[in-house]
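Please open the structure in your viewer and keep the selection tool at hand. The stops below go from one element to the next, saying what to select and what is there.

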Amino acid sequence: MAELNTGDGGGGKGGKVRSKKQNSKVDLTAMVDLAFLLITFFMLTTTLSKPQSMDLSLPDKDEDPTKNKDIKVDENRTMTVMLGENNKMIYYMGLLATPKVGPKDITYGKDGIRRELLTQKKAVIQYTGDKKKGIIVIIKPTKKSNYRNLVDILDEMAITGVSTYAIVPEFTPEETTLLEKK
C-alpha cells in the first residue's frame, strides 16, 4: 500500500538539533493496479464504430437459363435513371421511344432527383390506386460514372421510400447516344 518513509536519525552530536531533510517514498503499486483495471474496463465496455451499410437484395442465381422469363411491368410505373460521367444524370418515365416524362437532365439532391422521385411516386400511386403498386426505378450506371453517384442515387431511393428499384448496367443504343450528346 502507500507508505511514507521518513528517516528518524535520532540525536546527533552536540546539543543543537537541526532540522533534517525528510526522506520520503510513496509506494505506487496500488495506483498501477488501478490504472490497468480502468484501462481493461474501458476497453471491454466501449463499442467500436460499426461500418454503415445498405441492404441490397440480389436475385438468386438460376442455374437453368430456360427458366428466365421476362417480367412485364406497366411502363407508366417505370422510371429510368441513367448515370453518366462528370456527375451527369438523365431520367425519363415510361419507354424511351414514347416517354411519359423526359428525358431530362437533373441534378442530385433535394431540389433535383428527390423532388422528381416524390412527384412521380405520387403520380404512380394515383394512376394505380394501390400503394403496393408504386413506382419502379431502373438505375443504369455507365462505366464512366463514379461510385459516389451510384451511392447517392441509392440513398435517394431510401430517403424517398422507393422500395422497388434495380441496378441494370445494360444500355440500348438510343440511351447511349442520349448520354453522349447532352
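**The sheet**

Start with strand β4 (residues 136–141) and β5, which pair in the parallel sense over 4 bridges. This is a predicted model, in which local features need pLDDT of at least 70 and side-chain atom pairs count only at pLDDT 80 or more, while totals for chains, interfaces and linings use all residues. Residues are numbered from 1 along each chain as its sequence is written, and side-chain values use heavy atoms, with hydrogens and water left out. Helices (H or I, at least four residues) and strands (E, at least two) are DSSP runs, numbered from the N terminus; two strands pair if DSSP finds at least two bridges between them.

Now show the whole sheet, which is open and has 5 strands in the order β3-β2-β1-β4-β5, with mixed pairing. β3 (99–105) and β5 (164–167) stand at the edges with a single partner strand each, so one side of each has no neighbour in the sheet. From one strand to the next, the twist averages 15°. Axes are lines fitted to C-alpha atoms, for helices over the stretch in contact, and angles run from 0 to 180 degrees between N-to-C directions.

**Two helices on the sheet**

Select helix α2 (residues 113–128), which packs on the sheet and touches β1 (78–83), β2 (89–94), β3 and β4. The direction of α2 makes about 165° with that of β1. Contact means heavy atoms within 4.5 Å. Next, select helix α3 (residues 147–160): α3 also packs on the sheet, touching β1, β2, β4 and β5, and its direction makes about 170° with that of β4.

**The hairpins**

Move to β1 and β2, which run antiparallel and are joined by 5 bridges. M79 stands opposite M93 in β2. The hairpin of β1 and β2 has 5 residues between the strands, and N86 in the turn has a positive phi of about 60°. β2 and β3 form a hairpin too, with 4 residues between them; in β3, D105 is the bridge partner of I90. Of the 6 residues of β2, 6 are buried (buried means under 20% relative accessible area, exposed over 50%, partly exposed in between, with a 1.4 Å probe and protein chains only).

**The core**

Which residues have the most contacts inside the largest nonpolar core? They are M79, V81, I113, V137, I139 and I153, in a core of 19 residues. Such a core is a set of buried Ala, Val, Leu, Ile, Met, Phe, Trp, Tyr and Cys residues joined through side-chain atoms within 4.5 Å. β1, β2, α2, β4 and α3 each give two or more residues to this core, and α3 gives the most, with 4 residues. Apart from this core lies another, of 5 residues, among them M82, I90, L178 and L179.

**Helix α4**

Select helix α4 (residues 173–181), where E175, L178 and L179 are buried. Seen down the axis of α4, the buried residues fall within an arc of 95°, so they line one face of the helix; the arc is that of the directions from the helix axis to the C-beta atoms. The face turned away from that buried side carries the exposed residues P173, E180 and K181.

**Last stop**

Finish at K131, in the loop between α2 and β4. K131 is exposed, with a relative accessible area of 73%.
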